[in-house]
Amino acid sequence: MGLFLLKRTLTLIGTLVGASIIVFLVLEILPGNAAQMLMGPDASPEAVAALATKLGLDLPALTRYWHWIGGLLTGNLGDSYAYSSPVLDLILERLALTMPLALLAMFFTTVIALLVGVTAAARHNKLGDVGLMGMAQVGIAIPNFWFAILLILVFSVKLQWFSAGGFEGWGDGFFSGIKSLLLPALSLAVVQAAILARITRSAVLEVMREDFVRTARAKGVSQRMVLWTHVLRNAMIPVITVMGMQFSELLAGTIVVENVFYLPGLGRLIFQAISNRDLIVVRNCVMLLAAMVVIVNFVVDVLYAVIDPRIKASDI
């Protein structure tokens, strides 16, 4: 296990370095000039050049890359061009909303998917199985932004149970903040839960054909106990793989949903930074999302060996 963790850590570091190079190069080749965008179209070339020098945009690309990497390692991400405030403070402020939103959406995704997937597998080829998988297929076809608008119309406009948008913050209490995130989290979770439910059903059905399941039933273990203790744990490898990818998709999906619900999260920050050509904010936010994806995949690899000790490090 120690050798496995070392190999995966080295892979993690190499992937992060490669991601940083790609993120930097992609933003470098974009057309336009950040200094010109900030100064406006009527600014003189001299004023634009002076601002570019102040922002360090006149330095060679390799020099700016090393300055950026050094800032990432020390926590000094520079100042936003548009907000004139430290980028790290902006990101941490927005993460206080986006991370709970993604975690809440992942919680809904997991609970709904496991309940639907295991229940459908237990009723294989019966009416319940067909109905649940039909609903899952519909869920896959629904765009999350359309479902978000539908939730607003039903629960905010018609029933008036929730606010149509905005975030009251955590200052009014934990449950008040969670209430503001319920509808956005559900709109993010519905599609992911539908996909994960189908994966769970297939994995559970495959494990149910194993000999140890028949042995457990022959010993008189109840159907519910067999499904939720013996079968589900052995079926979790493909399920966790998909969950890791889905959490990354949930983080990226917040860009759309946060704009629908007008939430001041990381997704909305990225959208505004792109509009303002605030490349330093875009670069660091995209790198943060890429790092989260890589770290989640690392955690998933470690969970493989925890869930199923039969899996060797060389197999992952």
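I began with Val-154, which at 33% relative accessibility counts as partly exposed, a class that lies between buried (under 20% relative accessible area) and exposed (over 50%), taken with a 1.4 Å probe and protein chains only. I noted that this is a predicted model, in which local features need pLDDT of at least 70 and side-chain atom pairs count only at pLDDT 80 or more, while totals for chains, interfaces and linings use all residues. Residues are numbered from 1 along each chain as its sequence is written, and side-chain values use heavy atoms, with hydrogens and water left out.

Next I looked up the overall make-up. The protein has 13 helices and zero strands, where helices (H or I, at least four residues) and strands (E, at least two) are DSSP runs numbered from the N terminus. Of its 316 residues, 43% count as buried.

I then went back to Val-154, which I found in helix α7. Val-154 belongs to a nonpolar surface patch whose members also include Phe-145, Trp-146 and Val-256, and which has about 900 Å² of accessible area together. For such a patch, residues need over 30% relative accessible area and no salt bridge, and nonpolar side chains (Val, Leu, Ile, Met, Phe, Trp, Tyr) are joined within 5 Å, whereas like charges are joined within 9 Å. Accessible areas come from the Shrake-Rupley method with a 1.4 Å probe. Helix α7 (residues 144–158) gives the most to this patch, with seven residues.

How does α7 pack against helix α11? I read an angle of about 30° between α7 and α11 (residues 236–260), with their axes 10 Å apart; axes are lines fitted to C-alpha atoms over the stretch in contact, and angles run from 0 to 180 degrees between N-to-C directions. That makes α7 roughly parallel to α11, since angles under 35 degrees count as roughly parallel, over 145 as roughly antiparallel, 65 to 115 as roughly perpendicular and the rest as oblique.

Helix α5 (residues 87–122) also meets α11, with axes that come within 9 Å and cross at roughly 135°. That makes α5 oblique to α11.

Last, I checked salt bridges, defined as a side-chain nitrogen of Lys or Arg within 4 Å of a carboxyl oxygen of Asp or Glu, and the count came to one. The side chains of Asp-129 and Arg-201 meet in a salt bridge at 2.8 Å, N to O. This pair links distant parts of the chain, with Asp-129 in helix α6 (residues 127–141) and Arg-201 in helix α8 (residues 174–208), 72 residues apart. Asp-129 is buried at a relative accessible area of 2%, and Arg-201 counts as buried at 17%.
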